[in-house]
Amino acid sequence: MIAQAGEFVGPDVGWWALSPLLVLVGGALFLLVAGAVTPPWPKSAYAVTTTLIAAGAAVLAVIQWQQIRDDGPSLLVGDAIAYDQTSVFFTVTICASVGLVALLSDDFLRRHALDGPEFYALYLVAATGGIVMASANDLIVLFLGVETLSLALYVLAAADRRRTKSQESGLKYFVLGGFSSACLLYGIALVYGATGSTNISGMVEYLQATVPLDRQDALMLAGIALLMVGLGFKVAAAPFHVWTPDVYQGAPSPVSAFMASAGKVAAFGAIVRVLVVGLPFYRDDWRPVVWVLAVASMVIGSVLAVVQHDIKRLLAYSSISHAGFVLVGIEAAAHQAGGAELGRGIPSVGVYLLAYSVMVIGSFGVVAIASRSDDEATTLDSFRGFASRRPALAVAFTVFLLAQAGVPFTSGFIAKFGVIQAAVEERSYAIAVIAMVASVIAAFLYLRIIVSMWMGDADADVGDVALAGAGRSRTWSGSMAIGLAALFTIAIGVVPGWLLEAADSITGYASR
Amino acid sequence: METSFPILTALIATPLVGAVLVALLSWRRSAEVGKLVGLLSAVVTAALSVWLLASYETGEVGYQFVTQQMWIERWGISWHLGVDGISLFLVVLTGLLFPLALLGVDPHHNGKAYLVWMLILEAGVMGSFISLDLFVFFLFFEIVLVPMYFLIGGWGYEGRVHAALKFFLYTMFGSAFMFVGVVATAFLARESVGRITFDLVVLQEQAEFATSTGRWLFFAFAVAFAVKVPIFPLHTWLPDAHTQAPTAGSVILAAVMLKLGTYGFLRFGLGLFPEAAYWARPLFLTLGVVGIIYGAIVATMQKDLKRLVAYSSIAHLGFIVLGSFAFTSQSISGSVLQMINHGVSTGALFLLVGWIYERRHTRQIAELRGIQAVAPIFAAGFMVVMLSSVGVPGLNGFVGEYLVLIGSFATARWWTVVAAAGVILAAVYLLWAYQRVFHGEPDEENRSFRELTVREGLVLVPFLAAIVFVGVYPKPLLDRIEPSVTELIEHVESRTDYVAPVSPAGERAGEEEGGG
């Protein structure tokens, strides 16, 4: 990348193409600086600013989408960043997540006396890292994205200073996350050793031109394995999932929502870049691994979720199971990776991630509002009779849970249908059937929450008082975020055409 | 009559609009208005379904009132609706039953949510019966679980939460396989059809599957339908769900929701995979007959009146399965007719049992006695319905069962012989139950048993009228059912080496039955 000649020639940057990233970074800096030099802003101002920044980035990305469709994809910054519809799709998804999460955080942070610009700036920084991950065309850049995202998330997870659980969550995530980053980096090093390039296009070109020798092949396979460990950790796929329940439970609820949505989206973006785009020549080697990860995640996530008593843990396990579903889409994409016809795998992954992000943000959003001021009233029992106390919230939560169960006329059904369709198209019937059976097990746990909300005794005394108190501090921002999420969940279930159409065009990748 | 008015879409939309209106109305201020709006939308739906029946072209084959709109173009999914002789009466039954069920029983608490769920359920059931697109069918087939789940769980009896959960998970487990089956059908048919489509009509005409593929796909669908019917080893959710459901829930569940399974077998099982269905015939005939005998024996042993009716459903649906898989024009027509008959008579039975519970707060047969003496009109109504369920000549149950048995005899002789014993067993458990509940001297607690009220009477009259009408003069129904059934059998014949036996009674079965 750096010219060997004495004179340094900087790469062509392409400022316009990077504008969503720049808006997010600029927004984060603005929040930090302006927040530091001005007296505390009026209520909701931080959240609204953050949402506007994210919305701005998303709007730019949508404009870019049109442009790429007309002009075709390209590579930026010395081939390090891919500027294609895949990256734009993930950018929009991540920006949407940030916007919704920021609105949710508003009420939560003020209730917990944590309000300030730092929280929101961290969201924006994390989103930047996530977008870099999903649009990286160089493994080193990808790693930078991973670290940017992860460091912000470590801080966010531990951000509730008065709760030891939050501290514990941050620390656990940090230690295990550092470990997985190390695996990822080691994997990058080994792949570099085998191919002589960290650039994804460079890797593809090298592998295209060279028949690997045995020794090199071993190096490459070891590298791929380590990469998959690192990325598997980030998406919380079983067996690399053990951190998820503890971290999601301990972290402040909006942060859990952020990790389950934007964090997961970014990590899957990275998986697409590394495996599907970068390593199509090894697809027969990594596809069975993805198969196993997918099945393990779906089964372990669903089964262990059934025995949970805490809603946040339950949602954490369900997020593991959803990661498995997305991996079903990746597995389908693997059949066609590197070919001319890319099939339905990646579009189905895109739709699933967008739909799931919105559902999971909504779900954690309801939990954030419903939990008491110490963020502890998240047991299943504290939701008994929730429907009679907060009917509107209960309806929204029911919508999210049914969507997660994949009930028709919700986005969850469309997402599941897409993934299963992709798998069936590639004749992976076994994984499709396992996925559907796992989703029945998972349906049981969503129904458990619904049961305790709607059919539990309305006179559950302890939670009642606390929840009534929480109700008074409720503001428009959280309700708006949840309302929007619910609306989106149903709208996609009824008129999915436009989203599917958009997602179908994310199979063209930028390459040299 | 081809109308430009999209009547089928209206059949789905009307209850949905009603549900939304009810949900928006403030219940505290105007509960009466809300109830009226809900009931009105159900009545309008009923009127639409009657209009549909009136303008249905008798004797014509193929689907009528077809609506087709592209919905999700990328996946080849269209909003394709239509009715034929097989679905026509199920639609009418659904349309008429909901207002009756709403009128017949009060939910006692939280009437608003109850009404909303009932109307959504109606839309879902309607949609399942009239959709001609696999994807749309699956949507409706799956969505009906949600309102039913909440109805059982919210307004049922002691064990309601458990029963609701069991119901939901069992059925969803079945549909998990169908979900994969639906997608696989569309993709595997791509080669012979030339594009991806979920359109039932196109798939039925053009799709060709390798023998083993077709069998796998058939079983993927069959599991879902078998759970829904339910066919013998997959039936265990039914007694719980029926017993714990609120009265209206049981009525709807028995009368129309179980038919989703038997209807599915005819429409999708036989229609899409005739070869596989023919191949799997012995299995389903056997399971159907086992269901008849098993359901009857277990029903005899029940102490709970509602559970008894629930098990009797298993027996009756066994007849429908037997008829469907006997593959003759008569047997399948009998099955379709029996779907309606079972809907009417079991629906009415559940209503009556519900009314008994309202009066006595028990369903235990042992605690009921001598009701005939204190409430003779109630007892008379119960008796007519019960006899219809037994299959006494002159009432509807006889016509259906007779057609099924006579039609099956030609192709499935020994199964039919065993099944015929089920008719006797039905008489045993129902008459015995009637005897124990209604005969004898009423004791202290049963002496105050209230007579049938005017409102209940008005609800019951349409059921009784249907029972007697179909029993005496089934021709109008059979005239509309048979052409579609014959077409289905010809479709099966064209795809397999099966040849339907030419029965001398064949074409004139309807008229002969006319005399009762």
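Predicted model: local features only at pLDDT ≥ 70, side-chain atom pairs only at ≥ 80, totals over all residues.
Figure 1. To find your way along the pairing, look for B:Met70, which stands opposite B:Ser78 in E2(B). Four residues sit between the strands of this hairpin, where B:Gly76 takes a positive phi near 65°.

**Figure 2. Chain A as a whole.** Chain A is built with 20 helices and two strands. Its C-alpha atoms fill a box of roughly 70 × 55 × 40 Å along the principal axes. For 512 residues, a compact globule would have a radius of gyration near 24 Å, and the 22 Å of chain A agrees with that. Buried residues make up 63% of the chain. If you take the contacts in chain A between residues at least 6 apart in sequence, 81% of them join residues at least 24 apart.

**Figure 3. Chain B as a whole.** Chain B has 23 helices and two strands. Its radius of gyration is 22 Å, close to the 24 Å that the globule rule gives for 516 residues, so chain B is as compact as a globular protein of that length. The box filled by its C-alpha atoms is roughly 70 × 55 × 40 Å, again taken along the principal axes. Here 61% of the 516 residues count as buried. Of the contacts in chain B with a separation of 6 or more, 80% come from residues 24 or more positions apart.

**Figure 4. Where the two chains touch.** On this view, 23 residues of chain B are in contact with 26 residues of chain A. On the chain B side, the elements giving two or more residues are helix H5 (134-143), helix H6 (145-155) and helix H7 (160-188). Which of them gives the most? That would be H7(B), with 13 residues. Sorted by class, the side of chain B that touches chain A has 18 nonpolar, two polar and three charged residues.

**Figure 5. Inside the largest nonpolar core.** This core has 411 residues, and those with the most contacts inside it are A:Tyr123, A:Ala127, A:Ile420 and B:Val180. Zoom in on A:Tyr123 and you'll find it touching A:Thr50, A:Val98, A:Val101, A:Ala102 and A:Phe258, leaving out residues up to four places away in sequence.

**Figure 6. Helix H14 of chain B and its packing partners.** Helix H14 (residues 281-301) of chain B has 21 residues and reaches 30 Å from its first C-alpha to its last, close to the 30 Å expected at 1.5 Å a residue. Its buried residues include B:Phe284, B:Leu285, B:Gly288, B:Ile292 and B:Ala299. What do the buried residues of H14(B) pack against? They meet helix H15 (305-326) and helix H20 (413-438) of chain B.

Figure 7. B:Ser335 lies in helix H16 (residues 329-360) of chain B. With 31 other C-beta atoms within 10 Å, B:Ser335 is buried. Setting aside neighbours within four places in sequence, its contacts are B:Thr262, B:Ile320, B:Gly323, B:Ser324 and B:Val404. B:Asn396 is 61 residues away from B:Ser335 along the chain, and their C-alpha atoms are separated by 12 Å. B:Phe327 belongs to the loop between H15 and H16 of chain B. Its phi is near 65°, a positive value in a residue other than glycine. Is B:Phe327 buried or exposed? B:Phe327 is buried, with 28 other C-beta atoms within 10 Å.

Figure 8. Helix H9 (residues 243-250) of chain A is mostly covered, since six of its eight residues are buried. Among them are A:Pro245, A:Val247 and A:Tyr248. The buried residues of H9(A) pack against helix H5 (139-157), helix H6 (164-195), helix H10 (253-278) and helix H12 (311-336) of chain A. In the loop between helix H8 (214-235) and H9 of chain A you'll spot A:Pro239. The peptide bond from A:Ala238 to A:Pro239 is cis, with omega near 5°.

Note on methods:
Residues numbered from 1 in each chain as written. Chains lettered and ligands numbered in written order. Rg over C-alpha atoms; globule rule 2.2 N^0.38 Å. Buried ≥ 20, exposed ≤ 12 C-beta atoms within 10 Å, placed from the backbone. Contact = placed C-beta atoms within 7 Å. Nonpolar A, V, L, I, M, F, W, Y, C, P; charged D, E, K, R; others polar. Core = buried A, V, L, I, M, F, W, Y, C linked by C-beta atoms within 7 Å. Expected span 1.5 Å × (residues − 1). Pairing = 2+ DSSP bridges.
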